[in-house]
Amino acid sequence: MTRHMTAIVEREDEGYVALCPEVDIASQGASVTEARENLAEAVALFFETAASEEIDRRLRGEVYVTQIEVAVG
């Protein structure tokens, strides 16, 4: 079974940090691609090893990534 998850990647210092908000797991890498691949591996390992109770507790059903407009200054 496969599942579509969200990956939010942002630059941090000299590398990138990737977050999967549905299960609150993060990873990092030297590039966007590496951070994304490392995150996919970490999330897959979570689903393989976590107890079903832990998965149910952490798994969020819907996550939306959007932009907002904020007045500054």
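In this predicted model, Glu-54 has a relative accessibility of 25% and therefore counts as partly exposed, since that class lies between the limits of 20% and 50%. The side chain of Glu-54 meets that of Arg-57 in a salt bridge, with an N to O distance of 3.0 Å. A salt bridge also joins Glu-54 to Arg-58, where the closest N and O atoms are 3.4 Å apart.

Glu-54 and Arg-57 are separated by about one helical turn, because they stand three residues apart in helix α2, which covers residues 52–58. Glu-54 and Arg-58 also both lie in α2, four residues apart, again about one turn of the helix. As to accessibility, Arg-57 counts as exposed because its value is 60%, whereas Arg-58, at 22%, counts as partly exposed.

The strands come next. Strand β1 spans residues 8–12, and it pairs with strand β2, residues 15–20, in the antiparallel sense over five bridges.

Which residues make up the largest nonpolar core? It has ten: Ala-18, Cys-20, Val-23, Ile-25, Ala-35, Leu-39, Val-43, Phe-46, Ala-50 and Ile-55. Strand β2 and helix α1 (32–49) each supply at least two residues of this core, and α1 gives the largest share, four residues. Leu-39, a member of the core, is in contact with Ala-7, Ala-18, Leu-19, Cys-20, Ile-25, Ala-26 and Ser-27, leaving aside neighbours within four places in sequence.

Ile-8 lies in strand β1 and is partly exposed because its relative accessible area is 33%. Beyond its neighbours within four places in sequence, Ile-8 is in contact with Val-17, Ala-18, Leu-19, Pro-21 and Val-65. Together with Leu-19 and Val-65, Ile-8 makes a nonpolar surface patch of about 230 Å². Between Ile-8 and Val-23, 15 residues apart in sequence, the C-alpha to C-alpha separation is 12 Å.

Methods. Residues numbered from 1 in each chain as written. Predicted model: local features only at pLDDT ≥ 70, side-chain atom pairs only at ≥ 80, totals over all residues. Heavy atoms only, no water. Patch = residues over 30% accessible without salt bridge, like charges linked within 9 Å, V, L, I, M, F, W, Y side chains within 5 Å. Areas by Shrake-Rupley, 256 points an atom, 1.4 Å probe, with all protein chains shown as cover. Salt bridge = Lys/Arg side-chain N within 4 Å of Asp/Glu carboxyl O. Pairing = 2+ DSSP bridges. Core = buried A, V, L, I, M, F, W, Y, C linked by side-chain atoms within 4.5 Å. Buried < 20%, exposed > 50% of the residue type's maximum accessible area, 1.4 Å probe, protein only. Contact = heavy atoms within 4.5 Å.
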